[in-house]
Amino acid sequence: MSDFYNQKDETYYQSYNTVLVNLIPEQAKRIVDIGCSSGRLGEVLKERNGAYVTGIEAFKEAATKAKKVLDRVHYGNIEDEAWPYPDETFDVVVFGDVLEHLVDPWAVLRKVHPFFRRRWSRMCKYS
């Protein structure tokens with residue numbers, strides 16, 4: 001997987017999607033960013049929302065960088081990893097340019113569904 005990671009320019013991993021930031025309510029305080037890359041989106045949400053942000057990242061290099069700016073980071077494939085969280089842990093679950101890369105995105109959506117608080121929402125972006 002590292003070879004694929006290295007095919008992108010470093011600036012790719014330092015950017016974030018302003019559309020996603022603007023869609024996430026400022027009241028959201030517990031956020032998980034699946035495919036967090038180097039953590040830039042989560043870093044912005046921490047600053048803007050005062051949120052606790054957890055990241056999940058499949059590329060070790062990016063996960064290592066994300067650990068410097070996010071509250072918690074899990075390195076691994078969301079399709080294979082078990083989640084160590086109780087139900088209704090997160091206000092928002094972010095999938096920013098992730099679902100299209102998964103083998104079975106519907107299975108992942110079913111997997112994470114119990115972990116978001118019912119009064120909040122999931123954020124998905126597909127490009």
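Two strands are said to pair if DSSP finds at least two bridges between them. Helices (H or I, at least four residues) and strands (E, at least two) are DSSP runs, numbered from the N terminus. The model described here is predicted, so local features need pLDDT of at least 70 and side-chain atom pairs count only at pLDDT 80 or more, whereas totals for chains, interfaces and linings use all residues. Residues are numbered from 1 along each chain as its sequence is written, and side-chain values use heavy atoms, with hydrogens and water left out.

**Strand pairing**

| Strand pair | Bridges | Opposite residues |
|---|---|---|
| β1 and β2 | 5 bridges | I34 and I56 |
| β1 and β4 | 4 bridges | I31 and V92 |
| β2 and β3 | 4 bridges | T54 and R72 |

Strand β3 spans residues 72–75, and T54 of β2 faces R72 within that strand.

**Burial of the strands**

Burial is assigned by relative accessible area: buried is under 20%, exposed over 50%, and partly exposed in between (1.4 Å probe, protein chains only). Strand β2 is largely enclosed by the rest of the structure, because 5 of its 6 residues are buried. Strand β4 is mostly covered, with 6 of its 7 residues buried.

**Helix α4**

Helix α4 comprises residues 40–49, and its buried residues are L41, G42, V44, L45 and N49. These residues lie on the same side of α4 because they cover an arc of only 160° around the axis, the arc being that of the directions from the helix axis to the C-beta atoms. An α-helix has 3.6 residues a turn, so residues three or four places apart point the same way. The buried residues of α4 pack against α3 (18–23), β1 (30–34), β2 (52–57) and β4 (90–96), where contact means heavy atoms within 4.5 Å. Just after the helix, G50 adopts a positive phi of about 65°.

F59 is located in the loop between β2 and α5 (60–66). This residue counts as buried because its relative accessibility is 13%. F59 and G35 are separated by 24 residues in sequence, and their C-alpha atoms are 8.8 Å apart in space.
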